[in-house]
Amino acid sequence: VSQRPTPSPRMQQARIEQDAHDVRCQVEQDIGRGKDQAGGLHNGDVALGDAVDQQLAEAGIDTIIDLGRLATPLTSTPHLIATPIVDDADMILVMIEATLRDVAGAHTMVEGLAEQMNLAGAHQRLGLLVHRGGAARGVAEFTDKEITSALQLPVCGSIVHDPVAAAQLSDGVGQRFDKSRLARSLSKVAGVLVDVIGRRRADSK
């Protein structure tokens, strides 16, 4: 009886990357069909949501969407994030620095986002992700407890300040990323999120 050899970590990673590439290509085709058939960007957005939800889930790929900077809400009923994302996301995290400037500056925006999530019945899926880069610049930083008290949202994790590893991740230069402090902090955050999401799903059954 012959046995298939166990793929090396490098081969396994290559297969994962190829699967992700194939899914992205299929999603782009679906978006194009959605725009052509419905004739509008809004319908293309709907096609994107449906394609991502179905195809990435089937491929076993977790998806992280960077929404960029959120504008300060100017209305009493803020709409800072597209409704399908609010409805479907397992977690929505606001990333901030732990400094006085960032915590104070995020207050109004976080309040508006929390209101939108409350209206959707999804406040329990909103949290904070803290980048701790202030100390490297000689700027005092708040603790997680202090940030939660100020913004009334839980801190779900912290990302260390590691510009060398960040350069390796974005540009492919320098040290091995998987051995870096940044990689370890990201892995820790991922573990916390998996645990939180898993408990919430179990409680909802």
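Leu 128 stands opposite Val 155 in β3, and in that strand the bridge partner of His 131 is Ile 159. Five bridges join β2 to β3 (residues 155–160), and the two run parallel. Strands here are DSSP runs of E with at least two residues, helices are runs of H or I with at least four, both numbered from the N terminus; two strands pair if DSSP finds at least two bridges between them.

A quick word on the source: this is a predicted model, where local features need pLDDT of at least 70 and side-chain atom pairs count only at pLDDT 80 or more, while totals for chains, interfaces and linings use all residues. Residues are numbered from 1 along each chain as its sequence is written, and side-chain values use heavy atoms, with hydrogens and water left out.

Put together, three strands make an open sheet in the order β1-β2-β3, with parallel pairing. β1 and β3 sit at the edges with a single partner strand each, so one side of each has no neighbour in the sheet. As for β2 (residues 126–132), six of its seven residues are buried, so the strand is largely enclosed by the rest of the structure; buried means under 20% relative accessible area (1.4 Å probe, protein chains only).

Here are the strand pairs:

| Pair | Bridges | Sense |
|---|---|---|
| β1 (residues 92–97) and β2 | six bridges | parallel |
| β2 and β3 (residues 155–160) | five bridges | parallel |

Key: Buried means under 20% relative accessible area, exposed over 50%, partly exposed in between (1.4 Å probe, protein chains only).
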